[in-house]
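Reader: I am new to this structure. Please show me how to read its features.

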Amino acid sequence: MTPELTVLALAALLQCVQFLAYSVAANLQVGPKYAMGPRDTPRQLTGLAGRLQRALGNHFEGLILFTIAVLVVTLSGHSTAFTAACAWTYLAARLLYVPAYALGWTPWRSVIWGIGWAATLLMLLAALF
């Protein structure tokens, strides 16, 4: 397995952990009756639960592009030390992004996001050249 695929698997596991953290926080906020019900009336999550929900949604969005980058690098045979470093940088940024969002680290949340996005972009560019 390429290093990029390993990081992709770890990023997916991170997403599972994020989902659990969000689910616990959301269930504590809305209560079990609403959480287990049909949720016909939407509720806006606030505070930590809302931030964890948005961080999870952001990871879903970022993981799509990162997955494309990993597949392009792996299937084209362009896995290098540089693309592996980019993948690990992406994962480190995603690991830092969760507490940055949850704890409201301004402007660091955006800076951390930008580092992960740039690492993904560089992986894509490296696969083309």
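Reader: Which residues make the nonpolar surface patch?
Author: The model is predicted. In it, Ile 64, Leu 65, Ile 68, Val 72, Phe 82, Trp 113, Trp 117, Leu 121, Leu 122, Leu 125, Leu 128 and Phe 129 make a nonpolar surface patch of about 1200 Å².

Reader: Which helices each supply at least two residues of the nonpolar patch?
Author: H3 and helix H5 (108–128) do. H5 contributes the largest share of the patch, 6 residues.

Reader: How does Glu 61 count?
Author: Glu 61 belongs to helix H3, residues 47–75. Its relative accessibility is 57%, so Glu 61 counts as exposed. From Glu 61 to Met 123 there are 62 residues in sequence and 17 Å in space, C-alpha to C-alpha.

Reader: Where is empty space left?
Author: Rolling a probe the size of a water molecule over the atoms shows this. Here the largest pocket has a volume of about 220 Å³. Two or more of its lining residues come from each of helix H1 (3–30) and helix H2 (32–36). H1 gives the most, 6 residues.

Reader: What is the lining of the largest pocket by class?
Author: There are 7 nonpolar, 3 polar and 2 charged residues. The lining includes Phe 19, Tyr 22, Asn 27, Arg 39, Arg 43 and Gln 53.

Methods. Residues are numbered from 1 along each chain as its sequence is written. This is a predicted model: local features need pLDDT of at least 70, side-chain atom pairs count only at pLDDT 80 or more; totals for chains, interfaces and linings use all residues. Side-chain values use heavy atoms; hydrogens and water are left out. Helices (H or I, at least four residues) and strands (E, at least two) are DSSP runs, numbered from the N terminus. Buried means under 20% relative accessible area, exposed over 50%, partly exposed in between (1.4 Å probe, protein chains only). On a 1 Å grid over the protein atoms alone, a cavity is a set of points where a 1.4 Å probe fits but cannot get out, and a pocket is an open set with protein on both sides within 12 Å along at least five of seven lines; lining residues have an atom within 4 Å of a point. Grid points are joined across faces, edges and corners, and a volume is the space filled by probe spheres set on the points. Ala, Val, Leu, Ile, Met, Phe, Trp, Tyr, Cys and Pro count as nonpolar, Asp, Glu, Lys and Arg as charged, and the others, Gly among them, as polar. Patches are made of residues with over 30% relative accessible area and no salt bridge: like charges are joined within 9 Å, nonpolar side chains (Val, Leu, Ile, Met, Phe, Trp, Tyr) within 5 Å. Accessible areas come from the Shrake-Rupley method with a 1.4 Å probe; for residues, only the protein chains shown count as cover. A salt bridge is a side-chain nitrogen of Lys or Arg within 4 Å of a carboxyl oxygen of Asp or Glu.
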